[in-house]
Amino acid sequence: MLARFFTRLIDAQGVWARPLGDLNHRLLTAVFGPLRFLKDFLNGRWLGHPVHGALTDLPIGIFLLVIVFDVLAIPGAASTALFIGILTTLGAALTGYADYTDTDGRARVVATVHSTVMTVALVVYIVSLILRTNSGVQTVPIVLSIIGFVLVSVGAYIGGEVVYSLGNMVNRHAWRFSGTPKWQPLDVTDVPEGVPVKAKAGAQSLVLVREGETVHAMHDVCAHAGGPLSEGRVVDGCIECPWHASRFELRTGHRKRGPTTHDQPLYEVRRTEAGGWEALRLNGGSAGPQS
Ligand code: FES
């Protein structure tokens, strides 16, 4: 009931959040376009986990400490905590913007509301810090810190909506598989050299790529946001997703370029006696250590 009310409230912000989100998207794409390595780093491909979700806990905890120090009348500690909280918020914002670049549809709208609320909170905290440092005023900065914390909490809730309700940066294969993998016949007869081919193995869609005598296979649904890899292209021993250009190594399914932070489920392919093809799943596409 309450969640539905909040969802309606967030969706009502689409009037301004949609055009602002589209503008932000164009700006961020222009900024990160030539800085792909930086975006990859901020997304968390190296970690096998989105960095943004891990970082956001820091400022929330630190900003709570600011209130505690204010209540205990330890202004020096409150100012120091506030300064550190602002720095960690900037770090969280950078990683958030990297993830935000690859959102679309409703996720982009909600992410825009989230980032706007967090930006307002950041400004409120910066004003609070300036007042604490440069003036003798006591009450106003404390009130501003409390307002900032309310805003950060609201922003965190909306950010959770982007992940938990809309599945942004969630592994698309998290619940796909169960049971012991079995060899499954493939519905293809021809796999031409170097061209991605879509094939069905039971209920799963695969993408096949031939390199000489070897036929590589992985799940067709991109772990990042569900893009069709069979519509992508083969580059440097990887298949590149047509949606946000994540790359997965054909040989291993490992993520070689973000925004994905997860590997792709890999399959082994072999000829059947009847001259067709069959496939066996080798892994679940988990986000293990990168190799
Ligand atoms: S769906 Fe985003 S990179 Fe594939």
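Strand 3 (residues 204-211) is mostly covered, with seven of its eight residues buried; buried means under 20% relative accessible area, exposed over 50% and partly exposed in between, with a 1.4 Å probe and protein chains only. Strands (E, at least two residues) and helices (H or I, at least four) are DSSP runs numbered from the N terminus. This is a predicted model, in which local features need pLDDT of at least 70 and side-chain atom pairs count only at pLDDT 80 or more, while totals for chains, interfaces and linings use all residues. Residues are numbered from 1 along each chain as its sequence is written, and side-chain values use heavy atoms, leaving out hydrogens and water.

Now to the neighbours of this strand. Strand 2 (residues 197-201) pairs with strand 3 in the antiparallel sense over five bridges, where pairing requires at least two DSSP bridges between two strands. Here V197 stands opposite L208. Two residues separate strand 2 from strand 3 in a hairpin, and G202 in the turn has a positive phi of about 65°. Strand 4 (residues 214-219) also runs antiparallel to strand 3, joined by six bridges, with L206 opposite H219.

The aromatic rings come next. A search of the whole structure finds five aromatic pairs, counted when centres of Phe, Tyr or Trp rings (for Trp, the six-membered ring) lie within 6.5 Å; planes under 30 degrees apart are stacked, over 60 edge-to-face and the rest tilted. F5 and F6 form a tilted pair, 5.8 Å centre to centre with 55° between the planes. Ring pairs link F5, F6 and Y157 into a cluster.
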